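Hi,

Here is the structure I promised to send over.

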Amino acid sequence: MDELRCEPGRARELEAGCRRVAEEVAAAAAETPPGIRAEGLDVELIPVTKFFPASDVAALYDAGVRAVGENRDQEASAKAARLIASGRTELSWHYIGQLQTNKAKSVVSYASSVHSVDRSSLVAALAKAYRRRLEAWEAGEAAAPPAHASGGLECLIQVDLEEGAAGRGGAAPAEVGRLAEEIEQAEGLRLGGLMAVAPLGAEPGPSFERLWEISQRLRAEHPQARQISAGMSGDWAEAIRWGSTRVRVGSSIMGPRPEATGPA
Ligand SMILES: *Cc1c(COP(=O)(O)O)cnc(C)c1O
């Protein structure tokens, strides 16, 4: 019946990895200095399942996980369809990778949050795609977009903390205010906060501090934009120290990514 059954040893490994990282994250979250993390928010652990099969996502789901991160549209949409077909319908898909505008239509069909919004054209494309999907739903031609249940597609603005260097994506800090306004104005989109990837080869702490400062400025104008998506396998502890509310953890939970497909 359940075609997505994971091999039992692998399922146990994933469950144990998830539990271990969740415990470490909770312990670090308890140590965040007062006044840093947005009040009332915990640190949410989002396992990143890119490059791993749908059966691994199913095993995480069966272990209680209800949110995962993916960074390639084709892969994510195929996995989301398989999870739903297997009856695992309560999963939030967070899109965390660089996104071309022509993929917006697909992304709104399965994602509840896009962490990588970094330019006006993408805001416009997501808003249009979301609106079309709502219309199709109202016409009885498609399922409701998953973000509908939470009041709209959550958008986090990805900030480029190296300012144009190696190109891990993201908007320059000076553009955050304008993009935030555009997301606020776009019907169907919700401004959730910020996301960043720490620059390679540098101490992550100062980068996360900088992101926190940008977040403080953003929240002065948009009090609801409280999320900070920051921290990966190698640096989530520093990110939590600087108020991260969502850590995106891949390899520490899933194991090393298959080499052939290359790094993200
Ligand atoms: C792959 C990826 C992660 C997870 O990386 P790990 O180092 O495996 O934890 C987090 N964020 C983004 C944007 C990614 O692409």
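Below is what turned up around the aromatic residues.

A word on ground rules: this is a predicted model, so to speak of local features I needed pLDDT of at least 70, and side-chain atom pairs count only at pLDDT 80 or more, while totals for chains, interfaces and linings use all residues. Residues are numbered from 1 along each chain as its sequence is written, and side-chain values use heavy atoms, with hydrogens and water left out.

There is one aromatic pair in the structure. Tryptophan 212 and tryptophan 242 have ring centres 5.8 Å apart and planes at 50°, so the pair is tilted (rings of Phe, Tyr and Trp, the last by its six-membered ring, pair if their centres lie within 6.5 Å; planes under 30 degrees apart are stacked, over 60 edge-to-face, the rest tilted). Tryptophan 212 is in helix H7 (residues 204–221) and tryptophan 242 in the loop between helix H8 (236–241) and strand E8 (246–249), so the pair ties together parts 30 residues apart in sequence. (Helices, H or I with at least four residues, and strands, E with at least two, are DSSP runs numbered from the N terminus.)

Tryptophan 212 is buried at 17% relative accessible area, and tryptophan 242 is buried at 16% (buried is under 20%, exposed over 50%, partly exposed in between, with a 1.4 Å probe and protein chains only).

Tryptophan 242 also has the charged end of arginine 241 over its ring, 4.5 Å from the centre (that takes NZ of Lys or CZ of Arg within 6 Å of the ring centre and within 35 degrees of the ring normal). Likewise, arginine 66 lies over the face of tyrosine 61, 3.7 Å from the ring centre.

Cheers
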